[in-house]
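Please keep the structure open while I speak.

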Amino acid sequence: MQLWRHYHLAQSIPDALRALAEAEGPASIIAGGTDLLLDLEQGRRSPVHTLVDVTRIEAMRVVEIRNASLFVGAAAPLNQIVASPLVAEHAQALNEACALIGGPQVRNAATLGGNVAHALPAADGTIALTALNAQAEIATQNGRRLTPLIDLFLGPGQSALNPQEEMLTGFLLPLRARGEASAFRRVMRPQGVAIAILNMGVWLRREGDRIVKARISVGPSGPTPRRLRATEQALCGRSPTSQVLAEAAQTLLREARFRTSRHRATTTYRQHVAAILLEETLLTAWERAGAG
Amino acid sequence: MLNKWKLDTWITLTFGRDQAATCNTAHNKTPMSPHTISLTVNKQAIIVEVDPSETLAQLLRNRLRLTGTKIGCEEAECGACTVLVDDEPILSCVYPAVRAQGRRVLTIEGLAPNPRAGELHPLQEAFVTHGAVQCGFCIPGQIMTAAALLREKPHPTGEDIRKALKDTLCRCAGYPTIERAIQAAAHALRTGEPVPPPTCPPSSEPLYAVGKLHKRPDALEKVTGEAKYTDDLHFPGMLHAKVRRAGVPHAIVQRIDVSKARALPGVAAVLTAEDIPGECNHGLVVYDWPSLIGEGERVRYVGDALAIVAAETPELAEEALALIEVELDPQPVISDPVQARRPDSPKLHENGNLLKHIKVRKGDPAKGFSEADIVLERTYHTATTDHAFLEPECAIARPTEEGRLEVYVGSQIPYADRHQIARVLGWPEERVRVVGQLMGGGFGGKEDIAGQIHAALLAVATGRPVKLLYDRHESLIAHPKRHATQIRVKIGARRDGSLMAVETELYGDTGAYASLGEKVMTRATTHSAGPYEVPHVRADCYAMYTNNPPAGAFRGFGVTQSAFAIESMMDELAERLGMDPVELRRKNALRVGGVTNTGQVLRESVGLLECIEKVEDEMRRRADGDPFEPKTPPHAPHLRRAWGLAVAYKNTGLGGGAPDKARAEVELFEDGTLEARTSSAELGQGLVTVIQLIAAEALSMPPERVRVLVMDTDLTPDGGPTTASRQTYVTGNAVRMAATVLREGMARTLAERYDRPPHEIRFIEGLAHVNGHKVPLGEVARMMKAEGREPRVLYEYWAPETKPLGQGGDMHFAFSFAAQAAEVEVNTLTGEVRVLTVIAATDAGKVINPLGYLGQVEGGVMMGLGNALTEHFILEQGRPFTDRMARYRIPSIVHAPEIISIPVEHVSKDGPYGAKGMGEIVSIPTTPAITNAIYHAVGVRIDRLPVDQEQIALALAARSAR
């Protein structure tokens, strides 16, 4: 059975948008394809008429400083992101998350755009980007716009993007200032579904022995990737002592909605792991922030 | 009408193609839009038209016939399809071919600088000389991934290698050897020096050929991509088959309507149960497995076949499947063996749900328990697991002009395939020829019929060759698994540790059909008190039919399950007695003169005590203080490390009164080469090397001059099933005897020619020494022919007779023994478990082939580790949840611990040069060694497999909260 009938190797963003708009049936952007093709083949997604390949669009593959932000192209392969000194400098959480996805063969093809476009509540790249307060750059026939990443998600697997008119072209992340740092951690299970039981991204700004600002994302803790704002608040202005961390963990457990997933983890275990991840991820970011 | 390709322009073509159009009439009016792409493949520029949905793997394999690139899963999990695109490794199974436009693609066939001249890349050479090649199916992917790594990191650390090969799976799992081979190749590439040789030790007493390091005869073709597995074969006019499966675990078939499928253009045949010319059922012991389920008949598991289709393309066959209309009347599902035994459960087979009640009785258990100072009891559960051989099942049936049928298939029992195929066709067996192909792993999972009969039925119906290839999803659903078990163990001992009585009760889930269930569960039962001398034993096993996929042979054959139970219990007992767990085992271990549960007196070759001693020494040497006390590594207060130990024994051969014989033939040629032939199966384990070395030894000729031909029912005599760790012993003896008789024949000829007594003739390194002359063996072959003697001997070897269970005496003619110690590291916060080290001492008698031996040890340990930590074939009311490789997870190189193999060579008098079986024993003690180590590290007793990190974490959390 042909799951798509037309494959367009786009050469530019306008070319890709045109191909999307002019497709004679349902169309989809394809980047690495390591998830999308399997979703099509295994029937998790209905067949499409046209696939628009964006992997050759140079503007979507760059990782660079742009207007005092870090720009990461949506079609940059994960290995390129992992290897980028800019990402290592400004977005440690993203570097760590991308290094954990798949093996090298998958990372040579898979992209951050694909990771986000799938809108899964515990995608490693997405969780890291959420903690890093990323904005998504979206191209339409009418030009480009920026939107907070978090607004792209409607529900599990449901993206707010209009697939025939809009495409994700990249992500803008604030540059890291002195006293700021981030970290990403996850816990897996060796059997069954190869998706993190729980993953977490933490960004923080440190002044002396106090956290002055923090962003924490955790997945899966609801239908979409999300920030834990009450937990962030609970940490602000405080030093991450075990007492403070224990209190923050209590806030986190009240705030996050952990569920039991079949053959993956129970709510109880997720709650247990969340407290451990919070301590480990937060302290890693804290140490990094202190180191400059 | 190809469009011209231009460097900077991507032209999307929109013209139609006849074939593409006919393929797609069903659901779209617009035609497919093919692309003309230009790329280089292995340094050759090519321009080719590709379909939009074609993957690079399909382009390479099906159209460029570069079949070295393998398809293991088609879901970006296994890495077998890895090729390099612009020097970077990618998975060609999820890489649209269109995307290769303008790229440089390198496959295994093009890796060597000058492949046509027979040159090898250092990686290819190192994989061959180090013994990293076993079944070979994953090897192209391993080598290509490693090639990319070495380009980037000429001096890789072990960590670099593990990161790079993280998702390139090897089920033979010689991961440590693969790592060493890559390091050796890296050295050669860096320095320009030859590839360093392996450090694997030979047998403690090497003979002329046996016991020394040799290259596998089939390794070369496996590293160059030349090796052909069944799916790599193409025949003109070949059709492609697909199977319509029931998809429900239990139902009565009301109606099957194939008329629409038959009417689809391009469909050559659609067959149902009505179309079977012979007997419908197949099976290895019991003919209870219908090839096709007809109207009014019972569906017993999701994989049951209702109809089969042959069409011009796999896509068309798939489309035809969707047009088959089926009505099923769902029935209540029996999802576990305990439920199956309840009197009110529905009956799945005519004789009910009990396949077999197996009993072992020795002494008087009631008396034993009453004399015991301590009695413990616990129930253990083991999971269903899948073989996950990397090569999914494939069969090609091809009618010949003479009216026969050839079936190309990777099968562990070619003659049983022939018998079962002929039976369903209603033909005499001789009319069918099974031509065994290289196998990408079997592990017991290629003993039963998979697609052989379906392909045969369709080939006979259409008169054309038919290929039936399973994808990973179908493979996981359809083929028999390892039995899930529930095992209750009651053990009684004296205060000094002497075992007084063991009582076990086992339930085995044999699934929908018998397969080898009765044999597997018999082995589980007879071995369920461990390799110990126990005066009073009672074991009862209920092998039950359920609506789960059938369960059959899987490396370890039931003993994997019962060893986990008894070895866990032995550790618990040691703790309760306040005794060292090694000491408890040593005290009760079987030794020469000991009597097994089934009443067999062990007269020789019992190396268990030495295995224990060797493992204990090495473990204590490495451990810091008491190996069973938890240690916290520096700077990691949340981690605990400890060791665990377990022992096992496993029969060699069929045993239990079954006649166990093998035939082998040797033939000497005038060019001085010898061919050894037997139908026994090479599934990666290295039988061809073993046969080669045994024949070479028996004739004192260089192994390179011995060719081995296997698995062809026309050309090779019946070596019997490749199961029960029997081939080295049984077929090995057949080859040895055939070669010995040939040698005697040669001696007779030379004796007459030179007028010397035969005993004066010596055979040394391929030459016959007689009366001062050195005669090449080819010359001897000529002499024999001149005398009218054929330099060819067929020998049928009968293994020593065995007795059925319950009659006492020798139930088996040999046993192998093993002890293993595992060091684990448990994360006390998350419950995650890592295995750091495994020390494996194995008594498999003489080491015939040291590299193959090491490969079996490493792979066996990894499989046992998977059984403990990663593998769980999850069923929900008869429906597989783990129906993809992404969900059925097997160990990768990142799971591989350091593995130390210690051969213990207690030779067996009747084994070839003293060898016993070893394929299974190496895998059996690993799981309980790991779970015992977990207990020593954190005090959580694992009584259910696989290990659940959640259970560990929550138990520890509850404990610290107290």
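Predicted model: local features only at pLDDT ≥ 70, side-chain atom pairs only at ≥ 80, totals over all residues.

Let me begin with helix α3 (residues 122–129) of chain B and helix α6 (residues 175–191) of chain B, which pack at an angle of about 140°, with their axes 8 Å apart. Residues are numbered from 1 along each chain as its sequence is written, chains are lettered from A and ligands numbered from 1 in the order in which they are written, and side-chain values use heavy atoms, with hydrogens and water left out.

Helices here are DSSP runs of H or I with at least four residues, and strands are runs of E with at least two, numbered from the N terminus. Axes are lines fitted to C-alpha atoms, for helices over the stretch in contact, and angles run from 0 to 180 degrees between N-to-C directions.

How are α3(B) and α6(B) oriented to each other? They are oblique, given that angles under 35 degrees count as roughly parallel, over 145 as roughly antiparallel, 65 to 115 as roughly perpendicular and the rest as oblique. Among the residues of α3(B) that meet α6(B) are B:Leu123 and B:Phe127, and the α6(B) side includes B:Ile178 and B:Leu189, where contact means heavy atoms within 4.5 Å.

Compare α17 (residues 581–588) and α18 (residues 608–622) of chain B, whose axes come within 10 Å and cross at roughly 165°, and which are therefore roughly antiparallel to each other. Here B:Val582, B:Arg585 and B:Arg586 in α17(B) meet residues of α18(B) including B:Ile612 and B:Glu616.

Finally, the buried residues of α10(A) pack against β12 (198–207), β14 (226–227), α9 (229–235) and α11 (267–290) of chain A, buried meaning under 20% relative accessible area, exposed over 50% and partly exposed in between, with a 1.4 Å probe and protein chains only. The face turned away from that buried side carries the exposed residues A:Ser242, A:Gln243 and A:Arg254.
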